[in-house]
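Please look over the sequence and the model first.

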Amino acid sequence: MANRLLEVSDLEVAYGDVGALWGVSLHVDPGTIVALVGANGAGKTTLLRTVSGLLKPKAGDIRLSGQSLVGKQPQEIARLGIAHVPEGRGLFRQMTVLENLELGAFQPKARPRTKELLEKAYTLFPRLKERAQQKAGSLSGGEQQMLAIARATMSEPSLLILDEPSLGLSPLVVQQMFSLIQTLHGQGVTILLVEQNIHQALKVADYAFVLKTGSLAMQGTGADLIADPEIQKAYMGVLE
Amino acid sequence: MVNLPPPEILLQLSLNGALGGAMYGVAAVGLSLIFGTMRLIFLAQGAMIILAAYFVRALFYGLGIDPFLSLLIVVPVGLVVGWLIYQGLFRKAAAEEDRNVSLLIAVGLMFLVQNLMTVIWGGNTAGVVTSYTASGIELLGVRTSFTRSMGFLIALAGTGLVILFLRKTIVGKAVRAASEDMDAATLMGISPHRVNAIAFAIGISLAGAAGVAVATTFPFNPFAGFIFSLKALVALALGGIGNVTGALAGGILLGLIEAYVQFFISGGWTNAIAYGVFLLVLMFKPEGLFSRPYKKA
Amino acid sequence: MSRASQWIAIVVVAVLALLPFVPGAVDAYYFSFLFFVFLYAVMAQSWNLVAGYGGQISLGSHAFFGLGAYTTAILWSGNYLWGSLYDSHPNIYYFDPVTMLLGGLVAAIAAVVIGLPLLSKLHGDYFALGTLGFGEIVKVIFVNGGDFTGGAFGIVAPASSFGTLRPHYWVGLGLMVATALAIRMLMRSRYGLALIAVRDDEMAASANGIDTLKVKVAAFAGSAFIAGVAGSLYTFYIFHVGPDSVFDLDWMLLPLMMTVVGGTGTILGPILGALVMYAVFDLARIVVPDYHPVISGLTIILAMLFLPKGMMRLSRKARVAGA
């Protein structure tokens with residue numbers, strides 16, 4: 001328990017009077033990929049946005065390396081080491097690729113090392129170096145997703161949160177995306193991944209949680225869940 | 001057939017229009033910054049400009065400080081005042097979802113500043129008359145007012161500095177990022193209050209610079225600010241809300257429109273036509289006349 | 001509203017209606033004070049309909065107020081309505097319902113004409129800016145309207161013998177009560193539900209088959225109608241209708257402020273806001289005449305800093321918390 005990087009306990013979130021999450025608990029251990037899966041509207045994005053401070057929980061606790069994040073502003077949480085690539089990527093479309101990356105290293109911890117971090121990002125994403133002076137909005141969908149992830153890694157986060165990275169991408173680019181996730185994992189980055197592409201997500205995940213209409217329905221290792229007949233029936237039948 | 005006036009008259013009109021319009025432009029740049037991060041129409045901007053003009057006048061008649069030299073005082077003071085205005089008046093409201101609240105605080109501030117000026121300096125029209133107020137210079141073969149040309153230079157320099165700040169410094173880039181997507185900016189560790197306060201500080205210091213330009217060129221009174229705010233809004237819409245270069249260009253364009261309407265139609269219709277153009281642009285080219293669309297992915 | 005508060009409202013209205021019969025009341029200072037509170041409350045309701053319930057921040061109410069005022073003054077001074085009856089009945093235009101309704105109608109038609117393009121193209125702040133520009137255009141048109149509008153000076157209505165404020169007071173009170181009741185009924189109707197749905201989520205409303213443009217334009221026109229009638233009433237009080245007086249931005253800013261202070265999207269909020277804010281302004285005018293606009297500005301700022309949700313919302317919250 002003491003070793004957990006992220007620990008979410010009994011989290012409740014509501015939009016106005018409408019409940020979205022009802023007592024969800026989950027955890028992410030350092031160095032792992034954890035997948036959070038479930039149908040549309042199950043509350044996955046809500047959970048991620050609450051972790052990074054964009055939404056305020058009604059009850060429950062969120063701890064990063066033992067420190068509570070509840071009541072903290074998103075910018076404070078970002079500085080504590082969580083990098084969140086939101087649904088829709090959250091790129092600054094009018095700004096150049098380079099400027100987006102520089103802003104990824106905005107926080108005081110990373111800013112003095114911007115140059116070094118930039119070089120590191122370019123080795124991982126050579127495409128972005130070619131396009132450094134282009135506006136982010138002019139990139140292709142796949143490139144935009146790469147940029148969003150690269151920007152998030154610029155702060156050397158202790159936890160990288162990815163919300164639907166494969167959304168709207170062609171199958172080939174989705175493959176690249178997942179191999180990139182594994183590369184990052186290989187470099188020791190801890191990842192919390194939300195995906196609708198459940199099969200792929202469970203394949204790369206060390207551990208996974210299944211959300212169903214705002215509550216936790218199941219959890220287990222990625223391999224276990226892939227083999228689970230109920231999961232196969234409920235979520236993968238349509239996809240495979 | 002329409003009889004076109006001789007070219008030197010046209011040139012004179014264009015020059016006067018552009019020089020005057022630059023002042024709307026610099027006011028619009030300030031509005032653009034504040035609107036960018038806070039989504040607030042800062043209606044008190046014009047009143048702040050007039051306040052700065054009175055301040056410049058007091059420095060001149062009270063302490064004998066040359067109006068253009070007083071830029072060195074007014075601009076830094078503007079930075080501090082802008083910062084304080086944000087922290088004292090808007091910080092709390094910025095966190096509210098209801099943006100009427102900030103709009104109304106801006107309106108309240110406008111009332112307050114206008115009427116404080118009336119109480120302190122009286123409601124009559126005031127001006128600053130220096131040894132060079134009436135002097136002219138030769139520009140593009142046309143004689144024009146020295147102070148107006150200086151006002152134009154101030155507008156250009158002010159806008160230029162703001163653009164340098166926004167493009168070359170990481171904090172400036174953070175301001176641009178926050179203008180585009182505040183949520184995404186906070187995920188980068190950018191504090192909304194910090195960028196809002198910076199936008200306000202720069203906006204009000206630009207109002208200070210514009211105040212110098214106004215004080216040296218126009219007679220003014222405490223209530224002249226509101227029209228200035230409206231004109232700045234028009235300039236902003238012409239240039240594209242959130243586009244700083246466009247805001248200056250929009251101001252110059254508005255100045256040109258006004259000069260031509262005044263000459264060819266009548267002074268009485270200037271405002272209606274300016275606002276008509278404003279409505280048409282809002283409806284048919286809301287991104288402004290000067291935005292370069294980039295290829296969509 | 002609970003049964004008890006309904007009774008309280010009825011009693012308050014009845015007392016207000018009987019007040020002119022109290023000896024000396026008509027000459028008392030508070031009498032004209034109350035008239036202005038009624039007038040501002042009507043304007044506040046007008047703004048509340050389009051902005052509070054409709055979610056479309058309009059900054060052009062003064063234009064509609066002015067249109068109503070000018071319509072009345074033009075009909076009256078040109079005697080376009082009653083022909084020879086005017087000669088035998090010199091007071092026929094005073095509080096004439098036809099004249100007042102036409103004042104509202106002209107404003108409403110203008111709102112439809114400008115609202116259709118604005119509301120179909122502009123959203124949020126852009127709509128607010130558009131209405132602000134519209135207000136300025138209308139003002140310039142009236143300044144340049146020649147003999148028809150009286151130019152920069154305006155029109156002086158041929159006021160005859162009407163030495164008392166009583167009818168103004170009653171009409172003002174009646175208008176205030178009527179608008180409040182009408183909006184209350186409207187908001188309980190199918191249309192009201194549609195308006196709220198559009199405000200809360202335009203996409204969802206549209207997906208549910210609501211013609212959002214029609215709903216928004218109707219609210220804008222309704223709001224303009226109310227403002228136009230208020231402008232008409234003001235003409236009977238001021239007689240001299242000029243561009244600087246009836247197109248003054250205060251006719252937009254003050255009601256907006258009153259509504260927000262009282263509580264947007266509530267029925268009693270605009271009335272309460274008008275009463276409290278007008279009292280503050282008037283008190284400042286009497287106590288510190290040189291500084292009163294300064295105090296007004298300060299009041300707005302303080303109200304927004306400490307009462308950002310308005311008084312009605314505050315009391316509702318307190319009740320919920322207490323229950």
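Leaving aside its neighbours within four places in sequence, which residues is C:Ala230 in contact with? They are C:Leu39, C:Val42, C:Met43, C:Ser46, C:Phe65, C:Gly68 and C:Leu175, where contact means C-beta atoms, placed from the backbone, within 7 Å. This is a predicted model, in which local features need pLDDT of at least 70, side-chain atom pairs count only at pLDDT 80 or more, and totals for chains, interfaces and linings use all residues. Residues are numbered from 1 along each chain as its sequence is written, while chains are lettered from A and ligands numbered from 1 in the order in which they are written.

**Chain C**
- Chain C has 15 helices and two strands, counted as DSSP runs (helices H or I, at least four residues; strands E, at least two) numbered from the N terminus.
- The C-alpha atoms of chain C fill a box of roughly 60 × 45 × 40 Å along the principal axes.
- Of the 323 residues in chain C, 48% are buried, that is, with 20 or more other C-beta atoms within 10 Å of their own, these atoms being placed from the backbone.

**Chains B and C**
- In chain B, 33 residues are in contact with 32 residues of chain C.
- H4(B) supplies the largest share of the side of chain B that touches chain C, twelve residues.

Conventions. Buried ≥ 20, exposed ≤ 12 C-beta atoms within 10 Å, placed from the backbone. Contact = placed C-beta atoms within 7 Å.
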